[in-house]
Every structure is written in structure tokens, then in C-alpha cells.
Amino acid sequence: MADQAGAQNTAPSPRTAVVIGGNRIPFARSSGAYAYSSNKDMLIAALDGLVARFGLQGERIGEVAAGAVLKHSRDFNLTREAVLGSALSPETPAYDLQQACATGLETVVGLSNKIKLGQIESGIAGGVDSASDAPIVVSEGLRRVLLDLSRARTTQQKIKALSALRPKDLSPNAPTTGEPRTGLSMGEHQALTTAAWDISREAQDELAYRSHRNLAAAYERGFFSDLMTPYRGLTRDANLRADTSLEKLATLKPVFGKGLDTPATMTAGNSTPLTDGAALVLLGSEEYATANNLPMLANIVDAEAAAVDFVHGEEGLLMGGVHAVPRLLERNGLTFDDFDFFEIHEAFAATVLSALAAWEDPDYCKRVLGLDGALGSIDRSKLNVNGSSLAAGHPFAATGGRIVASLAKTLSEQGGRGLISICAAGGQGVVAILEARN
Amino acid sequence: MSGIPGDTVLPALPGLPALYRRAVTLAAQRAMGRGAAPSGLPAARHRVDGIRTDLAALTRFQQLLGSAARDQLPSAYLHTLAFPVAMSVLTRPDFPLPLLGMVHLSNEVHQDRQVSAFEPLDVVAYAENLRPHAAGTQLDVVTEVGAGDERVWTGRSVYLARGVRLDPAAPAERREDRPPFAAPAPTGVWKLDGGIGRRYAAVSGDWNPIHLSGPTAKALGRKAAIAHGMYLAARMVDQAVAAPSGALDWRIDFAAPVLLPGVVTTSFSRTPGGGGRIDAVGWSAKRRRPHFTGWVRAD
């Protein structure tokens with residue numbers, strides 16, 4: 001089962017992959033400023049800003065990797081199309097990747113591995129998502145009729161195919177955040193985990209409050225000035241409530257977990273809203289950065305993905321990162337004490353708090369994670385220091401790029417080592433270690 | 001699978017609509033005092049050989065259940081395939097209980113190995129174990145599916161004829177006190193719309209009117225259309241073990257019927273120390289009543 005347990009990474013790291021910089025557009029609330037912008041529009045907007053910031057006009061980048069979770073079928077080659085719509089050399093190859101909310105981080109992992117292996121010198125990684133411009137598909141009934149119609153040869157066959165059409169087939173289907181295998185929405189899944197770990201409403205509101213406070217403070221001191229390009233009139237994340245308070249958060253009504261025996265604690269304030277936006281990271285080898293006189297913010301050290309069995313109730317849907325982190329730490333011979341910054345994606349405040357509680361629980365860590373005891377506690381002052389998804393919003397595939405760029409910049413300013421953990425649909429989680437260069 | 005001398009060999013799978021019509025006719029005749037119900041089960045075993053799987057029908061069944069459309073037959077699909085043969089036993093003139101209104105209590109299946117969609121299959125069905133139940137009379141309907149010389153699948157369905165007494169003079173069985181239902185931690189939810197009964201009927205061939213619509217169900221004394229028990233069973237088995245490769249055992253016990261449209265909250269969990277057994281429960285969170293309990297074990 002634990003195929004990598006105990007297998008400390010002794011192979012020499014081939015090369016170093018570094019984060020050179022990042023760029024994103026401010027995140028908008030769904031049906032807000034970007035209501036009519038497509039995934040391609042937003043990805044190009046983020047790419048334009050990155051190209052301008054680092055002087056990449058006409059340059060052939062080693063590879064661009066990005067993705068979107070909610071994707072139109074016409075966008076099958078979304079990232080390559082965005083490259084062709086940008087000022088990058090049209091000879092820049094690109095590919096799409098999708099790993100739900102971990103998409104952005106996984107593109108960083110994939111391209112940094114290519115850089116480490118010497119397959120490419122530079123890469124642009126990230127993602128985009130629009131909850132406003134979501135793909136709406138025709139009903140299964142209409143789809144079948146249309147496909148059968150296209151296969152029909154004779155008039156008789158065509159009439160037969162059309163006769164299968166029912167009035168209700170004409171209503172379209174919008175995408176949902178439901179897990180296909182359980183039928184529960186992500187919020188309802190988290191509500192089960194929230195109840196299992198007995199996470200209080202107050203603790204969730206407190207975490208949401210700190211997220212807004214930290215993000216607002218980061219804006220105030222100009223932290224995002226070289227990480228963001230304004231778009232469609234937005235210069236800040238539209239979801240940010242700099243003036244929110246614990247009292248205001250306490251007035252919101254619970255929206256998830258209302259059918260459970262335990263009190264419902266998850267509100268619109270301590271859950272991330274549906275959001276639109278795009279985020280990208282520029283990666284390179286040390287040689288590439290030096291040759292092009294580009295900054296090197298942080299090294300990408302290592303990464304790990306995990307998945308859990310939520311279908312049979314063995315684990316919570318959003319606990320994938322909880323399993324990936326101890327495996328990553330062991331391979332790198334590190335403990336929580338070796339980290340100065342923790343970026344745990346705030347899908348819901350309770351997702352972060354459940355992870356923290358799990359890592360502090362010796363019984364759980366022994367029984368479920370196979371450790372000798374508790375993995376450890378995380379100092380809250382090191383957690384999501386520039387705010388996270390509760391305040392900024394969470395355009396699914398864009399979150400990885402946002403976090404990697406912010407953490408890399410923080411490490412370049414303050415030194416040290418940072419841990420990223422992002423949970424994803426399907427019971428998955430991707431985690432990574434970034435390190436300052438000095 | 002070799003037959004037994006005396007098996008009633010049917011030329012092909014009987015059509016279920018014709019069997020339901022025969023059941024209605026039988027019920028009418030008995031109501032009018034003609035063809036009085038016999039007191040014992042017929043010893044007959046009905047048999048159909050060389051059944052071939054219709055791949056298009058199989059695909060529709062698999063996709064409706066959300067299981068992968070493999071070239072391997074879902075365990076519940078074998079029940080569906082064999083069901084018309086079982087129905088032909090229950091609609092014999094010498095079958096003692098009224099088919100319409102019989103309640104499906106449970107299913108237990110032992111499958112020896114996975115079955116390919118390209119194997120010709122033989123089906124045998126018979127009824128046995130007529131016995132009293134607190135609410136009437138129950139019996140087992142056994143179906144066996146064979147491929148070549150081996151038996152590959154055996155299912156035992158328990159049905160209840162409510163209010164029918166084998167020996168009217170005998171005192172009614174005491175109803176066992178059931179412990180109050182304690183819902184486990186949920187792991188999922190099945191949202192069933194009003195059309196699921198018709199769609200499952202279309203892929204399974206089981207057009208029993210109680211599953212099709214409110215009016216047809218009310219005509220047979222139900223409050224509303226109810227979900228097919230085998231639909232629940234098929235989803236339970238598929239969700240518990242997504243990719244069975246060898247032997248498979250499962251059981252489902254039906255409790256309160258699922259009224260359509262309706263929401264079934266589900267719980268799947270690995271039985272502690274159960275050797276890979278998955279326990280499943282489906283219930284109504286609103287009414288706090290179980291719809292089914294069951295388990296699935298794969299080797």
C-alpha cells in the first residue's frame with residue numbers, strides 16, 4: 001500500500017527548477033466583472049501580463065501547461081489556443097491538464113520536473129476557471145437523439161431517431177459541484193468531515209476572518225503589485241471584504257450540513273464562493289534565469305499527490321492533502337518544524353481546520369496515516385500569511401498558480417521553506433515544497 | 001450447467017408484459033372463485049438455454065446504473081436476465097400465491113466468477129420454502145445461471161404475500177420487535193427523480209406498474225410510484241465494488257419502499273475485520289426510516 005514509505009529520496013536531483021515570477025488577474029465573484037469573459041479570454045489576460053512583466057514577447061517558451069476544471073468542449077486545446085492569442089512565439093508548445101482544484105499546482109509540478117530533467121529550460125504553468133461562463137450541455141436525451149440522427153442514413157432512420165425526442169430533453173444541464181460517485185456536493189462532503197472532527201463555527205469564522213485580514217494587509221503593503229494585472233476594471237479580488245468582522249461572519253446562516261444530526265456550521269462566509277479568474281507562474285532552470293537576467297524567487301523542491309477512499313466512507317473527500325503531506329515530509333527528511341510558511345488551500349475554513357486537527361491527532365496519525373504519532377501542529381502565524389481562497393476566491397484551476405507565486409515571493413522576501421497543500425475533487429490532494437534560495 | 005430430468009424447458013425467454021397480463025388474469029379468475037389457489041408450491045423448474053446478451057441493452061443498463069460499460073455482466077444484470085424465467089414460475093396456474101402485490105423482502109446472491117457478455121447462458125428458476133411470516137406467507141424464488149457445464153450465479157429472492165395464510169386456523173406468527181433505526185454516518189446520496197422507475201423498467205424489462213407512475217402505482221394500492229428493489233440492489237453492488245474480478249457475494253434486505261421522486265441517503269463502509277466485506281445502508285433522512293441494508297463481498 002505505502003509504495004513510497006521509507007523510500008527517502010537518495011537519487012541526486014538532476015537540476016534545480018526555480019520560480020521566476022507569477023501573474024494573475026484579480027479574481028471576480030461569479031457573474032461579476034468577468035461574467036462575459038471566457039476561460040481563454042482570462043488565460044490570455046493573465047498570459048499578457050506575464051509576458052509584459054518578464055519581456056517574453058516573441059520568445060519560445062519550453063512549454064506552457066494550464067487547465068480549466070469547467071471546460072467547454074470547443075476549448076479542447078485551451079492552453080495552446082491561449083498561447084496563439086498571446087505575444088509569445090507561436091512556436092511555443094502547450095498542453096492542457098485537469099486535476100480538479102489541484103490543476104494549477106500539478107502543472108507547476110509537471111513543468112518543474114521537465115526543467116529538472118533538462119527537457120525544457122523554461123515553462124509557464126497555471127490555470128483558469130469561470131463559474132460564470134460555464135459550459136451548459138444539452139440533456140442526455142437530446143444528445144442521444146442528435147448522435148443517432150447523425151448516424152442515420154435513411155429518412156426512415158432519421159424519423160425513428162427524432163421520434164425518441166421528449167419535451168423534457170430540451171432543457172439543458174448545467175455543471176454541478178457534485179461528486180459523481182456519491183451525489184453529494186463538495187460542501188456536503190466537507191460538512192461530514194467537519195462534523196467528524198468536531199470543528200466549531202467560531203473556529204471556522206476566525207479562520208475566514210484572518211484570511212480576509214491577511215489578504216487586505218497584503219494589498220495594503222503592495223504585495224501583489226508585481227503578481228497581478230488589472231482586468232475588466234478589477235484591481236483587487238472582488239470577494240475580499242477588508243472590513244469584515246467576526247460579528248458579521250457570525251450572523252450568516254449555515255448552508256451546508258443542515259441535514260446532519262450535528263449543528264450546521266458552514267456558511268457562505270467560511271466557504272469559498274464560486275469565482276472567475278486565471279493565474280500563471282513562470283518557471284525556469286537556473287541557467288535560463290541567469291542568462292535572461294531574470295529573478296529567482298524560490299526553488300521547487302518536491303511534490304506528492306495522494307487520493308483517499310471517500311466512496312466507502314474511509315476518509316473525508318477533501319482530506320487527500322492530509323495523506324500526501326506526511327509522505328512528502330518523510331521522503332525529504334523534514335518535519336513541520338522545518339517550515340516557515342504553510343499554504344493550505346481554503347476550500348472551506350473547515351477543510352483547513354480538519355487537516356490541522358488530523359495532523360495533531362496521534363491516534364488518527366497512527367491508525368490512518370501509518371505514522372508513529374501525531375505529525376505535529378502548525379503555528380497559525382505561519383499559515384496562509386497573505387490570505388487564501390476564503391478571501392481571494394477560488395477559480396478552481398487558478399488557485400495553484402496563485403499560491404505558488406505568492407509563496408515564492410514570500411520566500412524571496414523572508415527566506416525559509418514553505419509547504420503547499422491543495423485538496424481536490426475525487427478525494428485527491430497535491431502538496432509541494434518550495435524553498436528560498438539563500 | 002446440466003439440467004434435471006423433468007425440467008420444463010422453455011423455447012426462449014418469456015416476455016415480461018405477457019407474464020404480467022397472465023398474473024392479472026389469474027388474479028381475476030381466483031377473485032371470481034374459479035381456479036382456487038392450491039396450498040403447496042409447484043415442484044416445477046423452468047429452464048431456458050443458450051441465452052445471448054444483447055450488447056445494446058447491456059450498455060443501457062450499465063449506463064443507467066452509472067457502472068462502467070464493461071464486457072462483463074453486472075451481478076444484478078444476471079438477476080435481470082433470469083427474472084422472466086422466475087416470473088414464468090410465479091405465474092403458473094398451480095402457483096399458490098397472488099403475484100400482484102407480492103412484496104420483495106430480500107435478495108442473496110452468490111456468484112462464482114465474473115461472466116462475459118459473450119457467453120451463452122442457461123437459466124433455471126424454481127420456488128421453494130413456502131413458510132409463514134408475521135404478515136402473511138413467504139417463499140424463496142431461486143434462480144441459477146449456468147455457462148457451459150458450470151453454475152456461475154445463484155440468486156435467492158424472498159417474497160412475501162401479505163395477508164395470505166397457509167393455514168387460516170393457525171395462530172399468526174408474532175411480529176418481532178425491531179430495534180429503532182440508528183442511521184450510520186452518511187457517505188453519499190441518491191437523488192431519484194420521478195422518471196427513474198420508467199427508465200429502469202426500460203433497461204430491465206420489469207414494467208411492473210407500481211414502478212412506472214403515481215396513477216399506475218395507486219391503482220395497485222401504493223401511495224406513489226416506488227423504486228425497483230433491483231435498481232437499488234444494482235446500484236448498491238456497483239458502488240460497493242466497482243471492479244469485481246472473481247467471486248462476488250451480496251445480500252440486500254428491503255425495508256420501507258423508496259417513493260418516487262425521492263432521496264436515499266447512503267452509507268458504505270468496510271466491515272471491521274470483515275475480510276473485505278462492504279456494508280451498505282440506504283435510508284430516508286427526512287423520515288428516518290431505512291430503505292435497505294445490505295453487504296457485498298468480493299474475492
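**The interface and a helix of chain B**

Seven residue pairs, both members at pLDDT 80 or more, are in polar contact between chain B and chain A; a polar contact is a pair of N or O atoms within 3.5 Å, of which, within protein, one must be able to donate a hydrogen and the other to accept it, and residues adjacent in sequence count only if both atoms are side-chain atoms. This is a predicted model, in which local features need pLDDT of at least 70 and side-chain atom pairs count only at pLDDT 80 or more, while totals for chains, interfaces and linings use all residues. Residues are numbered from 1 along each chain as its sequence is written, chains are lettered from A and ligands numbered from 1 in the order in which they are written, and side-chain values use heavy atoms, with hydrogens and water left out.

The rule also finds three salt bridges across this interface, a salt bridge being a side-chain nitrogen of Lys or Arg within 4 Å of a carboxyl oxygen of Asp or Glu. Glu314(A) and Arg270(B) form a salt bridge through their side chains (3.7 Å, N to O).

In contact (heavy atoms within 4.5 Å) are 14 residues from chain B and 15 residues from chain A. The two chains bury about 1,200 Å² between them, 42% of it on carbon and sulfur atoms; this is the accessible area (1.4 Å probe) lost on being put together, summed over both.

Turning to the helix, the buried residues of H1(B) include Leu16(B), Tyr20(B) and Arg30(B), where buried means under 20% relative accessible area (1.4 Å probe, protein chains only). Helices are DSSP runs (H or I, at least four residues), numbered from the N terminus. Seen down the axis of H1(B), its buried residues fall within an arc of 120°, so they line one face of the helix, the arc being that of the directions from the helix axis to the C-beta atoms.

How values were computed: Buried means under 20% relative accessible area, exposed over 50%, partly exposed in between (1.4 Å probe, protein chains only). Helices (H or I, at least four residues) and strands (E, at least two) are DSSP runs, numbered from the N terminus.
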